[in-house]
Amino acid sequence: MKKTIRVSAFRFVLLIATILLLCSLVMGQRPGPQPTVQGTVKFDQALRDWDGFGVNYVELCNIRDLKEYKTTYPQEYGGYSTLSEAKRQEIQEMIFGTDGVKPGLVKMFLDPFHEGLTIAEKGKFDHETTTKWMRYFVADGLKKTRAQGNDLQIVTTMYGPPAWGTKTKLLRGRDLDPEQKEDVAAYMIDWAKWLITHEGYPVKAISLHNEGEGYNRWPADGSGQGLQASMDYDLWWPTSLVLDFMHFMRPMMNKAGLKDVALTPGETSNWAAFASSGYAYYLATDPVALKNLGLVTSHGFGIGPQMVNSSGIDAIREKRPDMHAWNTSMTFVAGRRTGLDQTWGDNAYLEMIRQNIYNAKVNGIIPWSIVQSDAWEEGDPRNTNWGAWVGTGFWLDRKGGYTIDPGFYLYKQVSRAGQAGMSVVEANTTEPNVGVMAFGKHGTKNPDSFVINNLAAERNVSIKVSGTTATTFDVVVTDLPKHKYYKPIGTVSLKDGVLAYSMPAQSVVTFFAKN
C-alpha cells in the first residue's frame with residue numbers, strides 16, 4: 001500500500017503531472033457567463049456492481065527496527081494510541097456510525113514483523129504486537145457496521161516480507177529469496193487465517209504486495225535497503241514472481257481452509273502501471289494464474305488517461321468478465337490543508353475518484369489512511385512541500401487532539417451515495433470541470449443517488465434523469481470556499497425528467513432519491 005506522502009522521483013513526476021493537468025483545467029475557463037452544463041444520469045443503465053468505498057488504518061509503515069519499536073520509538077502512524085477512548089469513539093462514529101462515512105471495504109496491512117527478522121525466528125508468529133490499534137479500528141468498525149445490518153469486506157496486503165524472506169536478509173531488501181517463497185506465502189496465509197479464526201473478521205482477499213513493480217527504488221544491483229526516498233516496506237515483484245505465487249499459493253490457501261478468500265496479484269502504483277508492468281497481460285494469458293485470480297487490485301494514484309485507464313482491467317475481463325477490481329490506496333485529498341495558495345480546490349480529489357470509477361472501471365475504492373498523525377520515521381513529509389499536496393480524513397496532533405480535514409466531508413459525499421451492493425450507472429456531463437458519479441440502488445435499501453463535483457466557478461447544471469421512480473431528491477452539499485461541510489439543504493424536484501441546479505464554485509452536491 002502506498003501513499004502520496006512518499007518522496008520519490010516517480011511520485012514527483014506523478015504529482016507535477018496531476019497539478020499541471022488540474023491547473024490547466026481550471027485556468028482554461030473562459031471569463032464571463034458560462035452556458036448551462038448539460039448532463040445525463042441513467043439509473044437503468046448499470047455499468048457494473050459496486051462493492052463500496054472503504055477505509056484504511058495504518059499502524060506501522062516504515063520503522064525498520066522492531067527492538068527500537070518496542071523500546072524507544074513506538075511508531076503508531078494512525079495515532080489512536082494518543083487519544084482518549086472518548087475521542088477515539090468520536091472518530092469511529094464519524095466513520096462507521098449511522099451518520100458516518102459507512103464504508104463497505106477495509107484494507108489491513110501485514111507488516112514485516114509478525115515472524116521475527118531472522119530465519120531462526122520463523123514459525124513464532126506474533127500477530128498482535130504491531131497491530132493493536134489497526135485491529136481496534138477494524139473490530140469497532142465491524143461491530144458498528146453489523147449493528148446497522150451491513151457488513152465489511154477486508155483485503156489484507158503484505159506490506160513487505162520479513163528480512164529472512166529477501167536474498168540480502170535485510171528488511172526492505174529488493175529481491176525475494178526463492179528458497180523462502182513458500183514460507184513467505186505461509187506468512188500471509190497465517191495472518192489471514194488468524195484474522196478470521198481469532199478475530200472473527202470477514203477477510204475477502206489476500207494481496208501479495210505494495211507497489212511491487214517499483215524496481216527503481218533500489219540501486220541497480222539490488223543492494224541495500226532501498227533508496228532513501230523509498231520508505232515503505234517494499235519488495236520488487238517481477239511478473240514472473242507474481243505468476244509463480246498465483247500458481248502455488250492458491251493451493252496452499254485451499255489446504256489452510258481459505259478456499260473462500262480471494263488471491264490478488266498485489267497492488268501497483270496505479271492502473272496504468274498494472275498494464276505497463278506486464279502483470280495484466282501475463283495474468284490474462286496464463287490459464288492457471290487466471291483461474292486462481294480472485295480479485296484485481298491496484299493503487300489509484302494520479303489523474304488523467306495516462307495514469308487512470310482500464311487497459312489492464314479490460315485485458316483480464318476479456319477472459320474473466322466476472323472479475324472485480326478495487327483501488328486499494330489513492331490520494332485522500334489534494335488540497336490546501338497547509339495553506340498554500342493554489343489555483344484549484346480540494347475537491348479535485350473527487351475527480352480522481354470519478355476517473356477511477358468511470359475510466360479505470362473499478363468496483364471499489366479505498367483511499368490511503370483516513371486517520372493520520374506525524375509519526376513518520378525520519379520526519380513527516382506532510383511538513384514539506386510534498387506534504388502540502390496531500391491530506392486525510394482526521395489529523396491527530398499526538399497531543400490528545402484531532403482536527404477534521406476537508407477530505408473527510410468530500411469523501412462522505414461520495415461514500416454515502418455509493419454504498420456497498422449498489423451499481424455504478426451511466427452518467428455524463430458536457431463540461432470536463434463538472435463531473436458526475438451515479439449509483440443505482442440495485443436491489444438494496446439504499447436510494448438511487450448521484451454526485452456532482454464542480455471544479456470550476458459557479459455553474460448552472462441541467463441533468464436529465466431516467467430509470468428511477470423518484471421525482472424528488474434530498475440535497476447535501478459541501479461548499480469548501482463557504483465552509484459548508486456535508487450540509488443538508490432541502491430537496492429539489494425533477495421537471496419533465498430534468499434536474500436543474502446552480503452549483504457553487506468548487507462545491508460538491510449529492511442528490512439522494514426520495515422514494
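**Exercise 1. In which loop is the place of glutamine 180, and is glutamine 180 buried or exposed?**

Solution. The model is a predicted one, in which local features need pLDDT of at least 70, side-chain atom pairs count only at pLDDT 80 or more, and totals for chains, interfaces and linings use all residues. Residues are numbered from 1 along each chain as its sequence is written, and side-chain values use heavy atoms, with hydrogens and water left out.

Step 1: glutamine 180 has its place in the loop between β4 and α5, where helices (H or I, at least four residues) and strands (E, at least two) are DSSP runs numbered from the N terminus.

Step 2: the relative accessible area of glutamine 180 is 8%, so this residue is buried, given that buried means under 20% relative accessible area, exposed over 50% and partly exposed in between (1.4 Å probe, protein chains only).

Step 3: if residues up to four places away in sequence are not counted, glutamine 180 touches Ile119, Lys122, Trp164, Gly165 and Lys169, a contact being heavy atoms within 4.5 Å.

**Exercise 2. Describe the place and the surroundings of valine 308.**

Solution. Step 1: valine 308 lies in the loop between β7 and α10 (311–319), and with 2% relative accessibility it counts as buried.

Step 2: leaving aside neighbours within four places in sequence, the contacts of valine 308 are Gly302, Ile303, Gln355, Asn356, Asn359 and Ala360.

Step 3: between valine 308 and tyrosine 358 there are 50 residues of separation in sequence, while their C-alpha atoms are 9.5 Å apart in space.

**Exercise 3. Examine helix α11 and its crossing with helix α12.**

Solution. Step 1: 11 of the 11 residues of α11 are buried, so this helix is largely enclosed by the rest of the structure; the buried residues include Glu351, Arg354, Gln355 and Asn356.

Step 2: the axes of α11 (residues 348–358) and α12 (residues 406–417) come within 10 Å and cross at roughly 35°, the axes being lines fitted to C-alpha atoms, for helices over the stretch in contact, with angles from 0 to 180 degrees between N-to-C directions.

Step 3: the crossing of α11 and α12 is right-handed, and the contact involves Tyr349, Leu350 and Ile353 on the α11 side, with Gly407, Leu410, Tyr411 and Val414 on the α12 side.

**Exercise 4. Which residues have the most contacts inside the largest nonpolar core?**

Solution. Step 1: a nonpolar core is a set of buried Ala, Val, Leu, Ile, Met, Phe, Trp, Tyr and Cys residues joined through side-chain atoms within 4.5 Å. The largest one has 125 residues, and Phe245, Met249, Ile353, Ile357 and Phe450 have the most contacts inside it.

Step 2: helix α5 (residues 181–197) contributes the largest share of this core, nine residues, and a second, separate core of 13 residues includes Ile63, Leu171, Tyr233 and Trp368.

Step 3: isoleucine 353, with its neighbours within four places in sequence left aside, is in contact with Phe53, Met330, Ile365, Tyr411, Val414 and Met437.

**Exercise 5. In what order do the eight strands of the open sheet stand, and which strands are at its edges?**

Solution. Step 1: the order is β6-β5-β4-β3-β2-β9-β8-β7, with parallel pairing, where two strands pair if DSSP finds at least two bridges between them.

Step 2: β6 (262–264) and β7 (296–298) stand at the edges with a single partner strand each, so one side of each has no neighbour in the sheet.

Step 3: β2 (residues 52–56) and β3 (residues 105–110) run parallel and are joined by three bridges, with valine 106 in β3 as the bridge partner of valine 55.

Step 4: helix α4 (residues 132–147) packs on the sheet, where it touches β2, β3 and β4 (153–158), and its direction makes about 160° with that of β3.

**Exercise 6. Trace the pairings of strand β16.**

Solution. Step 1: β16 (residues 459–466) runs parallel to β1 (residues 37–49), to which six bridges join it, and isoleucine 463 in β16 is the bridge partner of glycine 39.

Step 2: six bridges also join β16 to β19 (residues 498–503), and these two strands run antiparallel; here lysine 464 has valine 498 of β19 as its bridge partner.

Note on methods
A crossing is left-handed if the near helix is turned anticlockwise from the far one by less than a right angle, and right-handed if clockwise.
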